[in-house]
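Here is a short briefing for a first look at this structure. Please keep the sequence and the 3D view open while reading.

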Amino acid sequence: MSYVKGLRCRMCAREYPKTTSYVCEYCFGPLEVVYDYEGIKRSISRDSIQKGPRSLWRYRDLLPIDGEPQAGFYSGFTPLIRANNLARALGVREAWVKDDSVCHPTFSFKDRVVSVAITKAKEFGFDTVACASTGNLGNAVSAHGAQAGLKRFIFIPADLERGKIVASLIYKPTLVAVEGIYDEVNRLCSEIASRYQWAFVNINIRPYYAEGSKTIGFEIAEQLGWKAPQHVVAPVASGSLLCKIHKSFKEFHAMGLIDKPRTRIHGAQPAGAAPVYLAFKAGSDIIKPVKPVTIAKSLAMGNPADGVFVLETVKETGGTMDEATDEEIVAGIQLLAETEGVFTETAGGVTMAVTRKLVQRGAIPKDDSVVICITGNGLKTVEPLAEAIGKPFQIKPNIDAFEEKVGRHLRKSDAH
Ligand SMILES: *Cc1c(COP(=O)(O)O)cnc(C)c1O
Ligand SMILES: [Zn+2]
């Protein structure tokens with residue numbers, strides 16, 4: 001059963017059939033999926049969702065597929081952690097961590113979008129999937145595409161972290177490291193997409209692909225006991241995720257699953273790749289591209305596709321934005337690890353650091369509750385941590401060596 005009616009331009013609202021077009025022929029605006037919400041409303045309920053699979057496909061009526069899911073059978077439905085230690089450290093009444101650092105199988109929220117994109121690519125009859133990636137997307141396309149039996153072409157900036165490169169190569173895609181920034185990789189991919197019959201998940205499949213991000217918001221609302229949170233802090237690269245979280249709460253409300261959402265949605269960017277934050281701060285609607293310089297490589301986009309929609313969403317919901325320096329990113333990673341035992345990547349460090357700032361400056365009031373979106377896993381981005389985390393004690397294998405090097409650091413009460 002499919003509730004997808006077609007595509008519609010997000011700028012001028014012109015309608016298109018459900019094909020692999022992705023930009024409006026008239027105004028060059030991005031296209032978005034149009035659903036038959038009346039039909040969905042008749043079929044969906046809290047109960048039907050709860051009886052569904054423990055994956056993102058429990059929300060399939062609100063996802064843009066026509067047939068059965070063909071990838072990501074175990075993706076999504078990640079923990080929403082009640083983060084009491086973190087709340088105390090931040091000085092806020094209640095904090096929750098939406099932990100996509102353990103999303104199956106590639107440890108980032110990109111498993112969600114790619115599950116939808118690969119299913120769509122198969123529906124359209126493609127035998128090859130491709131993407132322009134800052135790392136995590138490449139990992140997810142490589143893995144899910146392998147499982148689905150598709151050929152894969154992954155394009156990344158050449159200077160990515162070792163962990164992100166290995167976590168693509170292991171699945172044997174064709175990995176192309178482009179000597180340039182992400183925005184150049186993306187531009188190159190648009191040209192390649194016009195020449196080859198490939199499903200570029202974040203180019204010609206993008207309207208469908210992006211819908212997968214809604215599932216993180218659906219889960220947050222369901223896991224909070226069918227209600228939207230007071231505050232959400234989300235990282236911003238292209239800006240798609242932040243906008244889709246907003247859309248997820250609106251859709252759940254329209255389907256009668258939750259009360260009217262009053263969630264303030266806040267955006268986090270790394271200083272050095274913060275074009276949306278800079279426009280927000282300047283009170284401008286125009287996003288000036290930047291050349292990214294940051295350790296948060298998964299967020300290093302200089303010219304974000306959905307930047308203007310992020311500005312709209314943040315303003316409409318009463319949210320705000322901020323940025324995090326490299327030092328603050330590392331401190332944010334450490335804070336989450338030390339308080340909640342969750343090891344996130346640099347993007348998560350950005351989200352953590354910005355959350356801390358927003359509480360400090362009262363944009364998230366101390367009596368409120370906040371959900372922090374942790375979108376990727378720390379084991380993929382160990383390089384920037386080398387100096388901050390110190391080294392293990394190294395000893396010879398005998399008790400004297402232990403006493404000498406480690407024992408004298410222990411308190412008396414630890415020994416007996
Ligand atoms: C891609 C990515 C994001 C940002 O996603 P957009 O939808 O492009 O804004 C955030 N965190 C991580 C870890 C990512 O890989
Ligand atoms: Zn248009």
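A residue counts as buried when its relative accessible area is under 20%, as exposed when it is over 50%, and as partly exposed in between. By that scale Tyr35, with a relative accessible area of 4%, is buried. The model is predicted.

**The chain as a whole**

- The chain's secondary structure consists of 15 helices and 13 strands.
- Its radius of gyration is 22 Å, close to the 22 Å that the globule rule gives for 416 residues, so the chain is as compact as a globular protein of that length.
- Along the principal axes, the C-alpha atoms fill a box of roughly 75 × 45 × 45 Å.
- Of the 416 residues in the chain, 57% are buried.
- Among contacts with a separation of 6 or more, 69% are between residues 24 or more positions apart.
- The chain has an accessible surface of about 18,400 Å², and carbon and sulfur atoms hold 52% of that.

**The zinc site**

- Four cysteines coordinate the zinc ion (ligand 2) through their SG atoms: Cys9, Cys12, Cys24 and Cys27.
- Why is the arrangement around the zinc ion (ligand 2) tetrahedral? The four donor atoms subtend angles of 97 to 118°, and four donors count as tetrahedral if all angles lie between 85 and 135 degrees.
- Cys24 is buried, because its relative accessibility is 1%.
- Cys27 has a relative accessible area of 33%, so this cysteine is partly exposed.

**Aromatic rings**

- A pair of aromatic rings is described by the distance of the centres and the angle of the planes.
- The structure holds ten aromatic pairs.
- One of them joins Tyr35 and Tyr37. The ring centres of Tyr35 and Tyr37 are 5.7 Å apart and the planes meet at 40°, so this pair is tilted.
- Tyr37 is partly exposed, at 30% relative accessible area.
- Phe124 and Tyr208 form an edge-to-face pair, with 5.5 Å from centre to centre and 65° between the planes.
- Phe124 sits in the loop between helix H4 (110-123) and strand E6 (128-132), while Tyr208 belongs to helix H8 (residues 206-209). The pair therefore ties together parts that are 84 residues apart in sequence.
- Is Tyr208 buried or exposed? Tyr208 is buried, with a relative accessible area of 0%.
- Phe153, Phe155, Tyr196, Trp198 and Phe200 are linked into a cluster by ring pairs.

- Ala140 is part of helix H5 (residues 136-147).
- Ala140 counts as buried, since its relative accessibility is 0%.
- Which residues is Ala140 in contact with, leaving aside neighbours within four places in sequence? They are Thr106, Lys110, Asp111, Val114 and Gly145.
- Thr106 is 34 residues from Ala140 in sequence. In space, the two C-alpha atoms are 5.8 Å apart.

Methods. Residues numbered from 1 in each chain as written. Chains lettered and ligands numbered in written order. Predicted model: local features only at pLDDT ≥ 70, side-chain atom pairs only at ≥ 80, totals over all residues. Heavy atoms only, no water. Donors = N, O, S within 2.8 Å, 3.2 Å for Na, K, Ca; no water. Tetrahedral: all angles 85-135°; square planar, octahedral: opposite > 155°, others 65-115°. Buried < 20%, exposed > 50% of the residue type's maximum accessible area, 1.4 Å probe, protein only. Helix = DSSP H or I, 4+ residues; strand = E, 2+ residues; numbered from the N terminus. Rg over C-alpha atoms; globule rule 2.2 N^0.38 Å. Contact = heavy atoms within 4.5 Å. Areas by Shrake-Rupley, 256 points an atom, 1.4 Å probe, with all protein chains shown as cover. Phe/Tyr/Trp six-rings, centres within 6.5 Å; stacked < 30°, edge-to-face > 60°.
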